[in-house]
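Biologist: I'd like to learn how to read a fold like this one. Can you walk me through it, feature by feature?

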Amino acid sequence: IRRPPRSTQGVSSAASDVYKRQMELGLFLMPLHRPDSFHADTYDQDLNLMEVADDLGYTESWIGEHFTMPWENMPSPELFVARALGVTSRMKFGIGVSLLHMHHPAHVALRIAQLDHLARGRLYFGIGSGSGTEWNKEIFGVDTAREDIHSQMMEAVSVIQQFWAGKPFHHKGTFYDTGIPEPKGDTLFDYHMIPFQKPHPPIAVAGSSPSSGTLSVVGEKGWIPMSTCFLHEMHLPSHRDVVVKGASKANLESPRSKWRISREIYVAENGEEARKEALEGPMGQFFQDYWIPLLGSGGGLEGLKLDPNMATEKITPEYMLENVWIVGDPDECANRLRKLHGDVGGFGTLLALCHDWGDMTPKWHRSLELLSKEVLPALSDLD
């Protein structure tokens with residue numbers, strides 16, 4: 001098992017999140033697996049992917065949190081990250097995202113701080129309010145359709161940051177009544193779990209709709225903005241505009257190097273083969289069997305439309321291949337990414353969405369290799 005290199009205690013999160021001069025590569029692991037897959041095998045498969053990507057120079061992986069979605073079997077991304085730290089040596093990991101309304105902020109503060117120590121700073125903390133299911137409501141008693149769910153997220157993260165400061169406080173708000181009590185002179189009990197990074201792991205929030213209002217808060221707070229792959233690239237500049245506007249309110253800079261953009265990508269030596277394998281393989285299959293039923297009825301596919309008036313039924317795997325996915329040979333993919341980079345004015349890290357490729361896993365790993373060793377070098381002039 002690989003061990004992460006030792007570093008000085010208490011790394012500054014600002015120093016660890018270096019402003020990049022060139023685009024970097026990362027992964028976004030929902031994860032995606034067929035519901036009839038055996039969980040233990042899927043985790044081994046995903047851990048192997050982390051090791052492969054780390055060897056190829058991918059700088060980060062974001063791990064989703066899902067409680068009652070059999071296709072995305074990751075109720076605790078923290079547990080997966082703790083295990084993945086042992087099979088990687090350089091890659092950072094992001095919680096993508098922690099659904100704060102499903103947890104008490106004190107518990108989140110404690111376990112993320114502990115994980116930050118286990119990671120020796122190789123950790124990002126993504127947060128979200130998320131859209132839930134009736135299953136979540138029935139199991140946890142949390143109604144994620146409430147209008148004030150975003151307010152609860154913001155109150156929770158504020159409380160978490162107070163816990164991370166490690167000083168006594170009492171918070172009595174709309175949703176939480178908690179805090180760190182004053183010391184009582186008893187050395188056996190005290191709050192002690194502050195993060196490895198100072199003041200805490202970098203915080204990230206994802207936007208999934210055009211002109212996402214959530215990203216305004218990201219700009220105001222100086223957090224990391226992320227743009228989901230379920231959004232046509234023509235909407236991405238609106239994300240940047242919202243972040244910059246929010247940052248200007250707080251008189252903060254908003255370097256493009258912090259911006260993460262997630263896309264579905266597949267590269268092969270031959271462009272026609274790449275398109276065939278993407279369409280007939282898990283990219284096409286998962287979109288048809290999972291994403292359309294999951295997102296189609298709730299408006300989640302609207303951001304993928306070239307024309308807002310087009311029928312949702314026209315958003316098919318073939319449409320995605322033609323208009324949204326980045327698929328082809330290395331030159332074709334490099335050209336697509338160059339255009340994307342120019343259209344949005346630059347960004348820091350490209351996050352490739354991960355699928356369960358089954359028997360085609362060697363081709364998926366080869367795609368990651370081509371993306372790292374041929375596509376990215378062709379874009380080395382982009383800042």
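Modeller: Let's begin with pairing: two strands count as paired if DSSP finds at least two bridges between them. Keep in mind that this is a predicted model.

Biologist: Okay, so how many bridges join strand 7 and strand 8, and in which sense do they pair?

Modeller: The general idea is that strands of a sheet pair through backbone hydrogen bonds, either parallel or antiparallel. Here, strand 7 and strand 8 are joined by 4 bridges in the parallel sense. Take V205 as an example: its bridge partner in strand 8 is P225.

Biologist: And which helices lie against the sheet? Let me start with helix 8: what does it touch?

Modeller: Helix 8 packs on the sheet and touches strand 7, strand 8 and strand 9 (260-263). Its direction makes about 160 degrees with that of strand 8. Helix 3, residues 77-84, packs on the sheet as well, with contacts to strand 1 (24-29), strand 2 (60-63), strand 3 (92-99) and strand 4 (123-128). The direction of helix 3 is about 170 degrees from that of strand 3.

Biologist: Zooming out, what do the strands form, and in what order do they run?

Modeller: They form a closed barrel of 8 strands, running 1-2-3-4-7-8-9-12 with parallel pairing. On average, neighbouring strands of this sheet are turned by 25 degrees against each other, ignoring direction.

Biologist: Now the interior. How should I read a nonpolar core?

Modeller: In soluble globular proteins, nonpolar side chains tend to be buried together. In this model the largest nonpolar core has 109 residues, and M50 and F125 have the most contacts inside it. Helix 6 supplies the largest share of that core, with 8 residues.

Biologist: Which residues does F125 touch?

Modeller: Leaving out residues up to four places away in sequence, the contacts of F125 include I95, S98, L100, V108 and I112. Also among them are I160, W164, P201, P202, I203 and A204.

Biologist: Then there's S129: is it buried or exposed?

Modeller: Burial means a relative accessible area under 20%. S129 has 16%, so it's buried. S129 sits in the loop between strand 4 and helix 5 (134-140). Beyond its sequence neighbours up to four places away, S129 touches L99, H101, I149, H150 and M153.

Biologist: What about a helix: which residues of helix 7 are buried?

Modeller: As background, an α-helix has 3.6 residues a turn, so residues three or four places apart point the same way. In helix 7, residues 214-221, the buried ones are L215, S216, V217, V218 and G219. Their cover includes helix 6 (149-165), strand 7 (203-207), strand 8 (224-227) and helix 8 (236-249). Just after helix 7, G222 takes a positive phi of about 75 degrees.

Biologist: Last topic, helix pairs. At what angle do the axes of helix 12 and helix 13 cross?

Modeller: Angles from 65 to 115 degrees count as roughly perpendicular. The axes of helix 12 (residues 330-344) and helix 13 (residues 361-375) cross at roughly 70 degrees and come within 10 Å, so helix 12 is roughly perpendicular to helix 13. P330, C333, A334 and L337 of helix 12 make the contact with L370, L371, E374 and V375 of helix 13. By class, that contact has 7 nonpolar, no polar and 1 charged residues.

Definitions and conventions:
Residues numbered from 1 in each chain as written. Predicted model: local features only at pLDDT ≥ 70, side-chain atom pairs only at ≥ 80, totals over all residues. Heavy atoms only, no water. Buried < 20%, exposed > 50% of the residue type's maximum accessible area, 1.4 Å probe, protein only. Helix = DSSP H or I, 4+ residues; strand = E, 2+ residues; numbered from the N terminus. Contact = heavy atoms within 4.5 Å. Axes fitted to C-alpha atoms, helices over the stretch in contact; angles between N-to-C directions. Parallel < 35°, antiparallel > 145°, perpendicular 65-115°, else oblique. Nonpolar A, V, L, I, M, F, W, Y, C, P; charged D, E, K, R; others polar. Core = buried A, V, L, I, M, F, W, Y, C linked by side-chain atoms within 4.5 Å.
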